Amino acid sequence: MNLLESARFALSGVAANKLRSVLTTLGILIGIAAVIILLAVGAGTSNAIKDQIGKLGTNVLTVNRSTTVGARAGAGTQVSGSRTRSTNLTLEDERALTDGVLAPDIAQTAPLVQAQGVTGTYNNATHSVGSFLGTTPSYFAISNSTAAAGALFGEADVQGASPVAVIGNTVASDLFGDNTASAVGQTIQLNGQNFTVSGVLAAKGSSGLNDPDDVVVVPMSVAQNKFTGYSPSLASVAVQAKSTDVMNQAQNEIQMILDARHNVDSTNRDYQVRNQAQILTTATNTTQTLTTLLGAVAAISLLVGGIGVMNIMLVTVTERTREIGIRKAIGASRGSIVTQFLIESLVISVIGGVLGIVIGFAGSAFPVFGVQPEVQPWTVWVSLAVSAVIGLVFGVYPANKAAKLRPIDALRYE
């Protein structure tokens with residue numbers, strides 16, 4: 001009996017028990033669809049995080065002041081206790097980082113001062129500002145910020161202490177409604193102080209943990225004059241490396257310069273350097289681990305589906321024992337019997353796999369917890385191959401069991 005004849009018998013066996021075949025196929029369908037959708041959610045989450053970090057700048061380092069606890073020496077060489085010290089970041093520190101000889105891998109820097117509890121008002125609308133920054137024009141290039149409407153303030157505004165403000169999309173929406181561009185040229189109050197809106201920043205989108213669009217940026221001289229006072233201390237310094245390839249070198253240069261200026265070393269630094277590239281790498285590794293776990297969970301449902309295929313094929317062999325005996329009695333070889341039941345198992349699994357792929361694509365078209373799933377092409381081919389392998393692997397035992405039946409025993413079976 002040739003392969004075509006075995007396939008005909010297999011298809012007729014599948015068609016003879018339509019409901020049972022459909023229910024068995026359903027197990028594979030759910031497993032394949034779950035794999036595709038969950039892996040797509042993982043990929044979508046990873047890409048969303050990469051895009052969000054990319055919008056904030058991938059070659060950016062941020063220097064923050066930090067409080068450190070160091071040893072306080074007593075008499076002689078004995079350490080009698082500990083002390084807490086905090087050294088401020090200053091404008092001199094920020095300017096030192098632009099030294100082309102000591103820091104050849106740093107492109108530009110921007111000093112930052114911050115004020116807390118700032119509320120913006122316009123007519124009857126109010127908004128509690130998430131992040132209020134005073135800085136210089138270089139901050140916009142470093143943070144990859146562009147104006148969607150109006151213009152960003154310039155160096156002349158910093159030197160002249162012009163009361164102008166660049167506001168984020170969230171602030172503009174709350175104060176001016178959907179037409180955010182109408183904010184340009186209007187006068188808003190920030191804690192009662194009048195500011196003219198010079199521009200509205202292009203939306204970056206929320207990362208889930210914070211909203212980079214909930215921001216007001218003003219010239220540093222104005223922020224110091226009206227909010228923070230003329231303290232020599234900076235909240236942080238934004239640093240842009242010349243490229244993403246020299247991020248580690250730029251970080252080393254920052255630490256070398258500030259260590260010398262603050263008279264500290266790696267054991268007692270009073271500042272911290274956040275490397276955006278390292279944050280991106282950490283986030284990527286985390287999402288990859290999450291995706292792997294999601295895929296493993298979905299694979300369990302595929303295993304269950306495969307066990308279901310084996311179970312049904314064993315039932316099929318039992319029900320068709322007499323048919324097997326007749327076929328072997330009239331000359332069907334053991335290989336023909338094995339082939340017939342393997343093809344039957346394979347057909348059920350592949351049909352389930354194809355339908356699962358269709359359902360997986362359909363399910364991935366809708367956002368899941370605010371994340372748009374992104375189907376990876378390789379998952380489709382892998383899912384189809386896995387469904388075929390399941391059909392073969394879980395069909396081998398029932399097929400062998402059918403082939404080993406003795407014709408005389410099979411013919412006597414009732």
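Trainee: So a patch takes residues with over 30% relative accessible area and no salt bridge, and nonpolar side chains are joined within 5 Å. Which residues form a nonpolar patch on the surface here?

Mentor: Leu19, Leu23, Leu26 and Ile30. Together they have about 410 Å² of accessible area. Keep in mind that this is a predicted model.

Trainee: Take Leu23. Where is its place?

Mentor: In helix H2, which covers residues 18-55.

Trainee: And is Leu23 buried or exposed?

Mentor: Exposed, because its relative accessibility is 53% and the cut-off for exposed is over 50%.

Trainee: Zoom out. How many helices and strands does the chain have?

Mentor: There are 13 helices and 16 strands. The chain has 414 residues, and 44% of them count as buried.

Trainee: What about the accessible surface of the chain?

Mentor: About 20,200 Å². Carbon and sulfur atoms hold 59% of that.

Trainee: What share of the contacts comes from residues 24 or more positions apart?

Mentor: 77%, counted among contacts with a separation of 6 or more.

Trainee: Now confidence. What is the mean pLDDT of the chain?

Mentor: The mean is 80, and 83% of the residues reach 70 or more.

Trainee: Which elements have the lowest and highest mean pLDDT?

Mentor: Strand S3, residues 79-85, has the lowest at 42. Strand S10, residues 164-167, has the highest at 95. Also, pLDDT is below 50 over residues 68-86. That stretch still has 32 contacts in the model beyond near neighbours in sequence.

Trainee: How should I treat coordinates where pLDDT is low?

Mentor: Don't read them in detail.

Trainee: On to strand S13. How many of its residues are buried?

Mentor: 5 of the 5, spanning residues 215-219. So S13 is largely enclosed by the rest of the structure.

Trainee: Which way does strand S8 run relative to S13, parallel or antiparallel?

Mentor: Parallel, with 5 bridges joining the two. S8 covers residues 131-135. Its Leu133 stands opposite Val217 in S13.

Trainee: And how does S10 run against S13?

Mentor: Antiparallel, over 2 bridges. Val166 has Val217 as its bridge partner in S13. Val217 therefore turns up in both pairings, opposite Leu133 and as partner of Val166, in a strand that is largely enclosed.

Trainee: What about Thr136? Where does it sit?

Mentor: In the loop between S8 and helix H4 (138-142).

Trainee: Is Thr136 buried or exposed?

Mentor: Buried, because its relative accessibility is 14% and buried means under 20%.

Trainee: Which residues does Thr136 touch?

Mentor: Ala110, Pro111, Phe153 and Val158, leaving out residues up to four places away in sequence.

Trainee: Last one, strand S6. Which residues are on its covered face?

Mentor: Gly120 and Tyr122. Thr119 and Thr121 make up the uncovered face. The strand covers residues 119-122.

Trainee: How does S6 pair with strand S7?

Mentor: In the antiparallel sense, over 4 bridges. S7 covers residues 125-128. Tyr122 stands opposite Ala125 in S7.

Trainee: How many residues lie between S6 and S7?

Mentor: 2, and the strands form a hairpin. Asn123, in the turn, has a positive phi of about 55°.

Trainee: And how many bridges pair S6 with strand S11?

Mentor: 2, again in the antiparallel sense. S11 covers residues 187-190. Thr121 stands opposite Gln189 there.

Technical notes. Residues numbered from 1 in each chain as written. Heavy atoms only, no water. Buried < 20%, exposed > 50% of the residue type's maximum accessible area, 1.4 Å probe, protein only. Pairing = 2+ DSSP bridges. pLDDT = per-residue confidence, 0-100. Contact = heavy atoms within 4.5 Å. Patch = residues over 30% accessible without salt bridge, like charges linked within 9 Å, V, L, I, M, F, W, Y side chains within 5 Å. Areas by Shrake-Rupley, 256 points an atom, 1.4 Å probe, with all protein chains shown as cover. Salt bridge = Lys/Arg side-chain N within 4 Å of Asp/Glu carboxyl O.
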